[in-house]
Amino acid sequence: MDSESPKPVGNTPEWSVSDLSGALKRTLEDAFGFVRVRGEISGYRGPVGSGHVYFSLKDANAKIDAVIWKGVFGRLKTRPQEGLEVIATGKITTFAGKSSYQIIIDSIEPAGIGALMALLEERRKRLAAEGLFAEERKQLIPYLPRVIGVVTSPTGAVIRDILHRLEDRFPRHVLVWPVRVQGETSAAEVAAAIAGFNALPEGGRIPRPDVIIVARGGGSLEDLMGFNEEIVVRAAAASLIPLVSAVGHETDVTLIDHAADLRAPTPTGAAEKVVPVRAELMSLVADLARRQAGAMRRLSDRRRSDLRALARALPGPEAVLSGPRQRLDLASARLAPALARNARSHEQQLALASQRLARHSPLLRLATARKDVEGLSKAMAVARANILRRERDRIGRDGDRLGAAGGNLAAAFARLLQRRRDRLGSVWALAASLGPEAVLARGYALVRDEAGALIRDPAQLRAGQALGVQVAGGRFGVVVAGGGEGQSRSTRPPRRDLPKAGQGDLF
């Protein structure tokens, strides 16, 4: 046997594909376990229908598949983005269906300050484009709030600093909503606290804050990432209660600072911005009260001085009444003569009226009228007698004339009647001589067709046509015979019912 020929493998155990894949999976998981891998996200398309996320991590020389399960993806503080360099923590395993290995990610964090700042800058620009940072959305902070809501950790030094500063400046009622200010659940808790304060009803059992302070002490950029999350920024922008952001130190800037109505450099500074100093306020009020009292005194003194000046300028009672008193005396002196003259004038007018009344006395006028009536009555009696006499004479004369006229009228009417009777006889004679009866009496006849139209031309006749013939003695019918000779025969006896005297019937 050749020394280079392969050794027999008859004792090597056989593996099924599934067994081999399982052995490789266990070996890989036991050898590596949990790892932290730094790389650039590639092929990210967001969650699929099941909610899981699939993409790759790559660097300049290699690439590894990555998976984030649905439940883990919902808890991630930093969401994957295409091209973002991250540090992924998870465990290495294999996928038998493709004979490949992959990392199942439990958490992701940006790889370094540069990548994190780039992520924050991109998020800031996107939210600013939506108008969440616009100045016109900002609300005014109340000068002296009754209730102050604080969103912070209840165990840190921040809340003690805020309470101590409020106690020093102006003690107010404070409501603390405890939250985690660092960690994966920090952003969700802060957003829920802001929404919770806004959900409190006015006049409820728990008083609604007049202003909200979101506070946290200083820390690294990674520690403050919870206040850069989109959910926190949107909750701050949507708050109907004025909100003060006091996250980190004066040099720390988070995205909630842009969405808040007011940014304080520190939590202590936030307490100073929301309430005034009580002593200063009392001193200011006292100073304003003193200034108001002084202004009122000065105004009263000035008004009193003005009133005195006006009083000196006014004339005295004697000066005011002297003119009217003189005018009254003058009018009194003129009144008696004027009344006397007026009385004399009215006496004269009354005397004239009496004289006119005497001249036009009703008794005098009545006597005059009675005389006039008696004279008129006598004149009327004489005139009536004269009129009766004249009328009686005129009626006698008219009777004689009427008798003569009646005789003349009877003779004239008889003559006129005779002339009219003679003229009428002449007319009747002329009419009788010119009428159709006279013509028919001379032997003529009138021939008519069935419609009563006169026949003037034999050419109008046709054989068998019925005709009506009228002669002086009456009417009868004929029928036109054939042969064109115009022969006819009688169809009915002549009419004898026409009158003999007078004009008669033309037909």
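**Notebook: salt bridges, sheets and a charged patch**

I began at Glu230, which is partly exposed because its relative accessibility is 25%. My classes: buried is under 20% relative accessible area, exposed is over 50%, and partly exposed lies in between (1.4 Å probe, protein chains only). Areas come from the Shrake-Rupley method with a 1.4 Å probe, and for residues only the protein chains shown count as cover.

Ground rules next. The model is predicted, so local features need pLDDT of at least 70 and side-chain atom pairs count only at pLDDT 80 or more, while totals for chains, interfaces and linings use all residues. Residues are numbered from 1 along each chain as its sequence is written, and side-chain values use heavy atoms, with hydrogens and water left out.

**Salt bridges**

I took a salt bridge as a side-chain nitrogen of Lys or Arg within 4 Å of a carboxyl oxygen of Asp or Glu. By this rule I have 19 salt bridges.

Which residue does Glu230 bridge to? The partner is Arg234, with the closest N and O atoms 2.9 Å apart. I took helices (H or I, at least four residues) and strands (E, at least two) as DSSP runs, numbered from the N terminus. Glu230 and Arg234 are about one helical turn apart, because they lie four residues apart in helix α6. Arg234 is partly exposed, at 32% relative accessibility. Salt bridges with shared partners join Glu122, Arg126, Glu130, Glu230 and Arg234 into one network.

I then checked Arg126 and Glu122. Their side chains form a salt bridge at 3.7 Å, N to O. They too sit four residues apart, in helix α3 (residues 113–129), so about one helical turn separates them. Glu122 is partly exposed at 35% relative accessibility. Arg126 is partly exposed as well, with a relative accessible area of 33%.

Next I looked up Arg123. It forms a salt bridge with Glu229 (3.7 Å, N to O). This pair links distant parts of the chain: Arg123 is in helix α3, Glu229 is in the loop between β8 and α6 (230–238), and they are 106 residues apart. Buried or exposed, I asked of Arg123? Arg123 is buried, with a relative accessible area of 7%. Glu229 is buried at 11%.

**Sheets**

I counted two strands as paired if DSSP finds at least two bridges between them. Five strands make an open parallel sheet, ordered β7-β6-β8-β9-β10. β7 (173–178) and β10 (262–263) are the edges: each has a single partner strand, so one side of each lacks a neighbour in the sheet. Inside the sheet I followed β6 (residues 147–152) and β8 (residues 211–216), which run parallel and share four bridges. Ile148 stands opposite Val211 in β8.

Then I moved to the antiparallel strands. β11 (residues 446–448) and β12 (residues 466–471) are joined by three bridges. β12 pairs with β13 (residues 474–480) over six bridges, also antiparallel. A hairpin of two residues connects β12 to β13.

**Charged patch**

Last entry. Arg297, Arg298, Arg302 and Arg303 gather in a surface patch of positive charge. Patch rule: residues with over 30% relative accessible area and no salt bridge, like charges joined within 9 Å, nonpolar side chains (Val, Leu, Ile, Met, Phe, Trp, Tyr) within 5 Å. Lys and Arg count as positive and Asp and Glu as negative; His and the chain ends are not counted. I placed each charge at NZ of Lys, CZ of Arg, CG of Asp or CD of Glu. Arg297 belongs to helix α9 (residues 278–313). Arg297 is exposed, at 52% relative accessibility.
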